[in-house]
Amino acid sequence: MPDRDLGGPVTVVNRFTVTGDTSEFEREFREHSQFLRQRPGFDFLVTVRLVDAPQVYVHLGHWKCLRGFLDTVHDDVFLRHVRRLGPLVETEADQAVSVGRVLRENAEVGVPNVVLTWADVSDDWREFERRFAELDYQCDRLEGFGGSDLLRSTVQPLTYTGVQWWRTAEDCERALRSRGYRNGYRALSGIAKITTERTRHIAYERVIA
């Protein structure tokens with residue numbers, strides 16, 4: 001398992017359950033996201049919203065280095081944003097590193113074309129990563145596959161977050177019904193406890209130069 005490296009890349013995974021007005025949360029979080037995009041060491045962000053639980057958002061903040069993130073969380077502006085967002089949400093957080101990334105196409109914004117996979121692996125993490133890569137291969141054979149990112153937690157190293165996206169909602173629907181996709185997830189379930197969530201793509205934004 002990789003050690004935490006201040007100079008290495010890291011992804012901060014935040015799951016927000018909004019307890020009040022989702023419009024207010026989105027306004028406040030939009031301001032916070034634009035602040036992050038200007039910070040040294042930031043790379044890009046992805047935000048999605050659960051289809052079956054629209055009060056729940058998942059935000060993936062990708063940093064070029066852990067040092068950049070740690071410097072940011074001690075910034076006065078960051079702390080001010082946290083104080084404003086805090087009363088609006090219940091939060092779960094994790095830090096992870098990418099162990100497998102496939103990039104093909106961007107996902108259309110505003111439609112349910114992103115699938116999250118949460119996995120707790122019993123012990124054979126190498127085999128889990130291999131099977132997830134095989135699932136990506138099956139998806140890549142289908143039209144409209146945008147890509148994926150498999151993130152391994154640095155806090156609980158046998159816990160994974162998988163992100164797979166398609167160009168459109170229709171492409172996603174077709175893939176989820178395919179035999180290759182269903183077989184791939186059956187193989188994953190044989191060695192890990194799996195939960196999947198269909199989400200709506202809210203934002204993908206890169207660093208502001």
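Modeller: Let me start with a definition: a polar contact is a pair of N or O atoms within 3.5 Å. Keep that cut-off in mind as we walk through this predicted model.

Biologist: Happy to. What caps the N-terminal end of α1?

Modeller: D21 does, with a side-chain oxygen 3.0 Å from the backbone nitrogen of S23. The cut-off is 3.5 Å, so this O and N pair at 3.0 Å falls within it.

Biologist: How do you know that the reach of α1 is close to what is expected?

Modeller: Helix α1 covers residues 22–36, which is 15 residues, and spans 20 Å from its first C-alpha to its last.

Biologist: Why does S33 count as buried?

Modeller: S33 sits in helix α1. Its relative accessibility is 4%, and buried means under 20%, so S33 counts as buried. The buried residues of α1 also include F25, F29 and H32.

Biologist: Which residues is S33 in contact with, leaving aside its neighbours within four places in sequence?

Modeller: Those are L45 and H59. As for H81, its C-alpha is 9.9 Å from that of S33, although the two are 48 residues apart in sequence.

Biologist: Now the strands. What makes β1 and β4 a pair?

Modeller: Two strands pair if there are at least two bridges between them. Strand β1 (residues 10–18) and strand β4 (residues 89–103) share 8 bridges, so they qualify, and the sense is antiparallel. Within this pairing, F16 stands opposite T91 in β4.

Biologist: In what order do the strands close into a barrel?

Modeller: The 8 strands run β1-β3-β2-β8-β5-β7-β6-β4, with antiparallel pairing. Neighbouring strands are turned by 35 degrees against each other on average, direction ignored.

Biologist: And which strands does helix α6 lie across?

Modeller: Helix α6 (residues 179–189) lies across β5, β7 and β8, running at about 120 degrees to β8.

Biologist: Which members of the largest nonpolar core touch the most other members?

Modeller: Of its 20 residues, these are F128, L135, Y160, W166 and Y181. Helix α4 gives the largest share of this core, 5 residues. A second, separate core has 16 residues, F44, V46, L60 and L151 among them.

Biologist: Why would such side chains gather?

Modeller: In soluble globular proteins, nonpolar side chains tend to be buried together.

Biologist: What is W166 in contact with, leaving aside its neighbours within four places in sequence?

Modeller: Its contacts include V115, C139, F145, A175 and Y181.

Key. Residues are numbered from 1 along each chain as its sequence is written. This is a predicted model: local features need pLDDT of at least 70, side-chain atom pairs count only at pLDDT 80 or more; totals for chains, interfaces and linings use all residues. Side-chain values use heavy atoms; hydrogens and water are left out. Helices (H or I, at least four residues) and strands (E, at least two) are DSSP runs, numbered from the N terminus. Axes are lines fitted to C-alpha atoms, for helices over the stretch in contact, and angles run from 0 to 180 degrees between N-to-C directions. Contact means heavy atoms within 4.5 Å. A nonpolar core is a set of buried Ala, Val, Leu, Ile, Met, Phe, Trp, Tyr and Cys residues joined through side-chain atoms within 4.5 Å. Buried means under 20% relative accessible area, exposed over 50%, partly exposed in between (1.4 Å probe, protein chains only). The expected span of a helix is 1.5 Å times one less than its number of residues. A polar contact is a pair of N or O atoms within 3.5 Å; within protein, one must be able to donate a hydrogen and the other to accept it, and residues adjacent in sequence count only if both atoms are side-chain atoms.
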